[in-house]
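Me: I am new to reading protein models and would like to learn it feature by feature. Could you take me through this one slowly?

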Amino acid sequence: MKQIIIGMLLSLSALSYANNPLIQNAISRKSFSLNGHWNYIIDMYETGYYNYRLEPHDNTENPGSSAFFLNQKPKSKQDRVEYNFDSAPTLLVPGDWNSQKENLLYYEGTIWYKKSFDVENYDRAKRYFLHFGAVNYRADVYLNGKKLGTHKGGFTPFNFEMTHLLKDKNNFVIVKVDNKRAADEVPTLNTDWWNYGGITRDVTVLEVSSTFIEDYSLQLDKENNKLLNGFIRLNGDAKAFSKVNVSIPELKLTKDFTADANGFVKFQIPVKKMDYWSDLNPKLYEVVFSSINDQVTDAIGFRQIKTLGGDILLNGKKIFLKGISIHEENVMRGGRAYSMEDATILLGWAKELGCNYVRLAHYPHNENMVRLADKMGILVWEENPVYWTIQWENLETYSKAEQQLKEVISRDKNRASVIIWSMANETPQSEERLSFLTKLAKTTREMDNTRLISAALEDHGKKENSNIMIVEDKFADVVDVLSFNQYYGWYGGDIDNIKNIRWEIDINKPVIISEFGAGALQGFHADNLTVWSEEHQELLYQETLPTLAKIPNLVGITPWILTDFRSPRRTLIPYQNGYNRKGLISETGNRKKAFYTLQKFYQQIQK
Ligand code: GCU
C-alpha cells in the first residue's frame with residue numbers, strides 16, 4: 001500500500017512536470033525579461049503558506065487573507081492584512097539572496113518574491129509562458145493569486161504556461177522560494193558548497209504562437225559523420241500532421257517533414273560536407289527550425305565524441321582533456337554566477353590556464369556557461385547533483401534526481417561542447433546506490449546516445465601495498481569513461497610519497513582524474529611542507545601531475561578547483577574563513593603559484 005501511495009505521489013509530481021514540458025532554447029524565443037528588483041518577504045515560519053494548523057493555503061478553494069500569494073491589499077482602514085510586498089525591501093533577480101544582504105548570508109528557509117508587470121502588445125491569440133533559468137531549491141509559483149505550479153531542483157530550468165491567467169496590465173507573479181536542505185532531496189543535507197538560495201537565474205515571459213515548436217534536437221550521428229539525426233516536437237491544437245522544416249543556410253540545406261498525430265517527427269538529414277566542431281575549431285552553424293506559425297533559430301556545432309578502448313575520440317581523433325573543475329560562483333562579486341559576463345570570467349581563466357575542457361561541478365551550471373563553451377571551443381563535463389550520501393532506496397529521491405537529469409539533458413542536448421554526462425560524485429557503494437545510478441545512466445542513454453556517461457568515483461590504496469591505488473566500484477562497468485577523485489598527499493598519504501604512487505586499473509576504458517588538489521591561502525608563503533601555504537599547494541601539483549601522467553589510458557584531468565569557493569564546511573581561521581581554499585585563484589582574483597604549475601604542464605602537453 002505504501003509503494004502504491006508513493007507511486008501515485010510520484011506520478012502527481014511528474015504530472016505538474018509533464019504538464020509543463022521544458023521549452024527548448026527559451027533564450028531565443030520572443031520574450032521580455034522580469035529580471036531586476038523584486039520585493040521580498042522573509043518568512044521563516046511560512047506564515048504566508050500555511051494556516052496556524054499548518055494546512056497549506058494553496059490547497060484550499062478560498063485561501064485565507066494571510067496567503068501571501070494573493071498579494072492582498074487592505075480594502076478599508078479596518079481591514080487587517082499582515083503583509084505588504086509593496087512596502088517590502090527588494091532583492092535583485094537573478095541572484096542569490098545570501099550575497100545580497102548581510103543578514104541573509106546564512107539564511108536557509110523561505111523567502112517570498114513579488115514582481116508586478118504589464119504585457120506590452122498583449123496578444124490574446126498568443127500563448128504565454130513564465131520561464132525560470134533556475135530557483136534554489138523549491139519554487140511555488142503563482143500568477144495573479146493563482147498557482148501555476150511547483151518545481152524542485154536548484155540548478156535546472158522550468159516553465160509554466162500562464163496564458164489562462166495573464167492580463168495586459170497589473171499582473172503580479174509571486175514565487176515562494178525555499179532552500180531548506182533535507183535528507184531525501186537532491187543534493188541531500190551535506191555538501192561542500194554554499195547553499196545559495198533564491199531566484200538565481202533569469203526570469204523571462206515567453207510569447208509563442210498557439211501551436212509552437214516546443215522542443216527539437218539536431219546532432220551529428222555517432223557513427224556516420226555524413227548524417228544528422230534530429231526531431232521536432234510541436235505543442236498546440238494544430239500540431240497533428242503539421243508541416244515543419246529544418247534549414248542550415250550556410251550549407252544550403254533545407255528539409256521539409258510532416259509531424260505525426262502527436263505533433264512529433266524524428267528525421268535524418270544526409271550532409272555531404274561540413275565543418276566539424278572541435279576545441280581547435282569551434283564551428284557553429286545557424287540552424288532554423290520552422291513550423292506553420294513558429295520559427296526558432298539556434299547556433300549548433302556538429303561533432304562526434306566516442307571512446308575506443310582507452311581513448312576518447314573527438315571527430316575520430318584522440319584527445320587529451322586539459323581541464324579544471326569549476327563551481328558556479330563569481331567569487332569576486334560573491335554569490336552564484338549567472339550571466340554571460342560571469343561565464344566569460346570563469347571560462348577566460350580556464351583558457352588562460354591552457355584548458356580545452358572543464359568539469360562543471362557538482363550540478364548543472366547556467367546556460368551561458370555551455371553556450372560560451374560552444375563558442376570558445378571548451379569541452380564540458382556536466383553533472384547531476386547526486387552528491388555524497390543520497391537516500392538511494394527512496395523512490396521519491398530517485399525521481400527528483402532523474403527529473404533534474406532530464407532537465408539538464410533537455411536544455412543542453414544541442415550543445416556541441418557538452419561531451420560527458422556525470423551521474424554523481426563520491427557516492428558510497430551499495431546495491432541500492434548501484435541500481436539508482438544504473439537507472440540514471442539508462443535514462444540518460446535513452447534520452448541521448450551521442451554523449452559519454454561517467455561519474456566521479458573514488459580510489460583507495462591496496463591492502464597489501466598502499467602505494468598501489470585501485471578503483472573497486474561496480475558502477476565502473478556501467479560508465480563509458482572511468483573517472484575518480486584522488487587526494488593523495490592531502491586527504492591521506494605523504495606528499496613526499498606521491499612520486500611512488502601508481503594506479504592499477506584493470507578496466508580498458510578512458511580514465512579521467514576528476515579531482516585532486518590542496519588548499520592554500522593566497523598570499524601566505526612558507527616552506528613547501530607547510531600546509532595552507534602557496535608553496536605547499538604548488539608542491540602537491542608538481543608531484544602529482546607527473547605521477548598521474550603515468551596512468552595508462554589517462555585521457556584527462558580536472559584539478560580541484562579553478563577558484564576558492566564558499567563552503568559552510570570550511571571554518572578554519574585564518575586560512576579558510578568560510579572558503580574552500582583549493583582554488584588556483586583566490587576570491588580576490590589573485591593567482592596562486594600552483595596556477596602557473598598547471599599552466600606549464602598544459603603548455604607541455606600542447607607541444
Ligand atoms: C571532494 C568533493 C568536493 C570537495 C572536495 C574537497 O572530493 O567532491 O566537492 O569540495 O573534495 O574536499 O575540497
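Predicted model: local features only at pLDDT ≥ 70, side-chain atom pairs only at ≥ 80, totals over all residues.

Me: What kind of peptide bond joins N136 and Y137?

Reply: Most residues other than glycine have a negative phi, and most peptide bonds are trans. Here the bond between N136 and Y137 is cis, with omega about 20 degrees. The peptide bond from V93 to P94 is also cis, its omega being near -5 degrees, and P94 is found in the loop between β3 (90–93) and β4. As for phi, K252 has a positive value near 50 degrees although it is a residue other than glycine, and its place is in the loop between β13 (243–248) and β14 (253–258).

Me: What is the order of the strands in the open sheet of four strands?

Reply: Strands of a sheet pair through backbone hydrogen bonds, either parallel or antiparallel. In this sheet the order is β1-β10-β5-β8, with antiparallel pairing, and two strands are said to pair if DSSP finds at least two bridges between them. Because β1 (31–33) and β8 (158–161) stand at the edges with a single partner strand each, one side of each is left without a neighbour in the sheet. Direction ignored, neighbouring strands of this sheet are turned by 25 degrees against each other on average, using axes that are lines fitted to C-alpha atoms, with angles that run from 0 to 180 degrees between N-to-C directions. Between β1 and β10 (residues 203–208) there are three bridges in the antiparallel sense, and F32 stands opposite V205 in β10.

Me: How are two aromatic rings compared, and how many aromatic pairs does the count come to?

Reply: A pair of aromatic rings is described by the distance of the centres and the angle of the planes. Rings of Phe, Tyr and Trp (its six-membered ring) pair if their centres lie within 6.5 Å, and planes under 30 degrees apart count as stacked, over 60 as edge-to-face and the rest as tilted. By this rule there are 33 aromatic pairs. For W38 and Y113 the ring centres are 6.3 Å apart and the planes stand at 75 degrees, so the pair is edge-to-face. W38 lies in β2 (residues 36–42) and Y113 in β4 (residues 110–117), so this pair ties together parts that are 75 residues apart in sequence.

Me: Which residues that surround the ligand are the closest?

Reply: The closest are D192, Y387, E426, Y491 and E515, among 14 residues that surround the ligand, each with a heavy atom within 4 Å of it. By class, this shell has five nonpolar, four polar and five charged residues. Oxygen atoms of the ligand lie 2.5 Å from a polar side-chain atom of D192 and 2.6 Å from one of Y387. In the side chain of N580, an N or O atom is 2.8 Å from a ligand oxygen atom. The protein covers 97% of the 310 Å² of accessible area that the ligand has on its own, as computed by the Shrake-Rupley method with a 1.4 Å probe.

How values were computed:
Residues numbered from 1 in each chain as written. Heavy atoms only, no water. Polar contact = N/O pair within 3.5 Å; in protein donor to acceptor, adjacent residues only side chain to side chain. Nonpolar A, V, L, I, M, F, W, Y, C, P; charged D, E, K, R; others polar. Helix = DSSP H or I, 4+ residues; strand = E, 2+ residues; numbered from the N terminus.
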